[in-house]
Structure formats: structure tokens, C-alpha cells
Amino acid sequence: MQEQAEKIAAQAESVFAVQVTAMRLESQDVLSIELHNIESLPLPPASPGSHVDVHLADGVTRPYSVINGEEGIYLLAVKRETGSRGGSAYVHDRLRVGDVIQVSAPRNQFALADHDGPSLLVAGGIGITPLLPMAKALEREGRPWRLHYTASNAAVAPFARELLQLGERVHLHSSASAGRIDLGALVADALPGTHFYCCGPEGMLDAFAEATRDIEPARVHMERFGAAAPPPDAGSFELRLAKSGRSVMVGRGVSTLDALLQAGVNVDYSCRQGICGSCEVRVLEGIPEHRDEILTDAERKSNKTMMVCCSRACSSTLVLDL
């Protein structure tokens, strides 16, 4: 027993092999995938809001939320994205039951807050994946909550039937027939002390941020599918690399990571979306424009590190510990 416990504990810091044991089409473009550890050990627990990095063929790595990770297996859901660069297209077209792939241990930058007050969950489309386990956890714990889920046609949206089994706390919105959900009204009608959670497309998240701008930041929680897009007038800037003494220009519309890679600089990275932390680099001088979903407000204000896959510069020059 002790040997097995030690193996399970070691997994928490590992990338390990899992087998695809089931796949199910949850909607026209969303596929769920069940993963088991090939070593016949339970996978490390994934708390509601967690994601894992999935390592696919040809070096493609993508982060996906864990819908269910509390029973020693992982259930993920992958939406086929238009213009996929290899992640969702590979999962839908090539991944099959019986295949063995690698996943990271779960990480959680979108966890449920530890409080007894009400929670308001808002999901758009595939953004339901981290919020579904949150709703189930809140229900099990007897904590007050509501969930609003909006999709083009909510009746056939992924996991709609499973959500409706949770009862009257779940509200489905069909945007094609009813228009956009009124986030301002939802926030205004919330009970005092409510914690607000949102995951969905950029437009929804921007509207959610606007609706909650006067709420105490500690009670507002968001997860983006990827890093927020840079403003259209984002200009070029210079990277000075302290260890090598090199200088690299980051042009308009080019990510910091791509500029470094194009210059032959070896940088660790994985998700390219500012949510995994693999590309974190120390900042020695200058002011980054943080666009990740990992650093806390205090860490951002300190400007000691940045995620080079998505963050850029407010100053004309950044000196990095590279």
C-alpha cells in the first residue's frame, strides 16, 4: 500500500502515459474523451476548474479542462476549432479508443473559492467544461449556486442534459433565438457576497469583465480559452537577452515567443495560450504587458516574470533573463 501511495504521489509532478478508453460525440463539434492510466493506478485527482496538458503527435500540446477527475480517470471534451493548428483536428480525426497519449498532472488556476456564500457560474459554449464540475461540487457540498449556460442552441449543446439533471439552478439560454445573455442584469440581481465565475468566448468574457468591474476583484473569476488578443495598435519593441547579450525585435502582430523562436532562442513553451506557465521568464528591466491567465494581480504589479507566449511590452525595451 505504501509503495502504491508513493507512486501516486510521484505522478502529481509527472507527465505520464494514458490510454483512451472511450470517446463520445457530445454535440456536432464536441468530442469527449475518457483517459485511464496505463499503469492501472488512479490518476492524480483533478479539482473542479483544473486542466491538463495533452501531448499529441508531432509535438502538439494543448491544454484541456478536466470535466471529471475525481475517480482516478480523466474526462476531457474537445471542440473542433475552425482553422485548427493540429490540436482539435488531431483529436477528432485521428485519435481513437485504445490509443496511448501523454498528459500532464492537473493544474488549477480557476479553482472554486473557499467560501460559504452563493456562487454564480456563467458559461458560453465549450466554456462549460470547467464549470460543470464546479456546479456538481457545489451541489454535493450543499452550497448555494446558479449556473447560466448560453449556446447557439442550448437544447443540443454539449452536456445540456447532464446539466438539467442538476435541477432548477441551471438556466439554459439559446442565443440564436433569444439573443445574448444579459450579464449586467445577472450580476445586479446577485445576492450580496456572491462569487462570480465565467468561461466562454472572448466577447462574453469582455462583457462579464465590464459587468463585474465594480465588484471586489477577489470575488470575480474568469478563465479564457487563450490569451486575450493584443490591441490592433500594439507596436514593436526590443528584447535584450541578459545571458547571451543578444537583442531581438518583436514586430507588430508577432508574439514574444515567436520572435524568440525565429531568432533561434531556446525557450520552453507548451500551450501558447497563457494558461500553462511553461514559458515563464524572469524580467530584469522594463514593463511587461501581462496577457496570461496565471499570474496574480500582485505578481503582475511586481513585473518580475512574464509568460512570453502571450505577453508583450508596455515599455520600448524588455530585458529578460535569457
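Let's start at the second largest pocket: helix 7 (202-211), strand 11 (220-224) and helix 9 (297-302) each supply at least two residues of its lining. Helices and strands here are DSSP runs, H or I of at least four residues and E of at least two, numbered from the N terminus. A pocket is an open set of points on a 1 Å grid over the protein atoms alone, where a 1.4 Å probe fits, with protein on both sides within 12 Å along at least five of seven lines; lining residues have an atom within 4 Å of a point.

A word on the model. It is predicted: local features need pLDDT of at least 70, side-chain atom pairs need 80 or more, and totals for chains, interfaces and linings use all residues. Residues are numbered from 1 along each chain as its sequence is written, and side-chain values use heavy atoms, without hydrogens or water.

Back to the pocket. Its volume is about 770 Å³, meaning the space filled by probe spheres set on the points, which are joined across faces, edges and corners. The lining has 24 residues, and Val220, Met222, Glu293, Leu295 and Asp297 lie nearest the centre. Strand 11 gives the most, with 4 residues.

Now helix 7. Which of its residues are buried? Met204, Leu205 and Phe208 are. Buried means under 20% relative accessible area, exposed over 50%, partly exposed in between, with a 1.4 Å probe and protein chains only. These three cover an arc of only 95° around the axis, so they sit on the same side of helix 7. That arc is taken from the directions from the helix axis to the C-beta atoms. The buried residues pack against strand 7 (119-124), strand 8 (145-151), helix 6 (183-189), strand 10 (195-200) and strand 11. Contact means heavy atoms within 4.5 Å.

Next, Thr305. It is in strand 16 (residues 305-307). Buried or exposed? Thr305 is buried, at 17% relative accessible area. Beyond neighbours within four places in sequence, Thr305 contacts Glu280, Val281, Arg282, Val283, His290 and Leu295. Its side chain makes a polar contact with the side chain of Glu280, at 2.7 Å. Polar contact means a pair of N or O atoms within 3.5 Å; within protein, one must be able to donate a hydrogen and the other to accept it, and residues adjacent in sequence count only if both atoms are side-chain atoms.

Last, Lys79, in strand 5 (residues 74-79). Lys79 counts as partly exposed, at 31%. Leaving out residues up to four places away in sequence, Lys79 touches Asp29, Val30, Ser88, His92 and Ile126.
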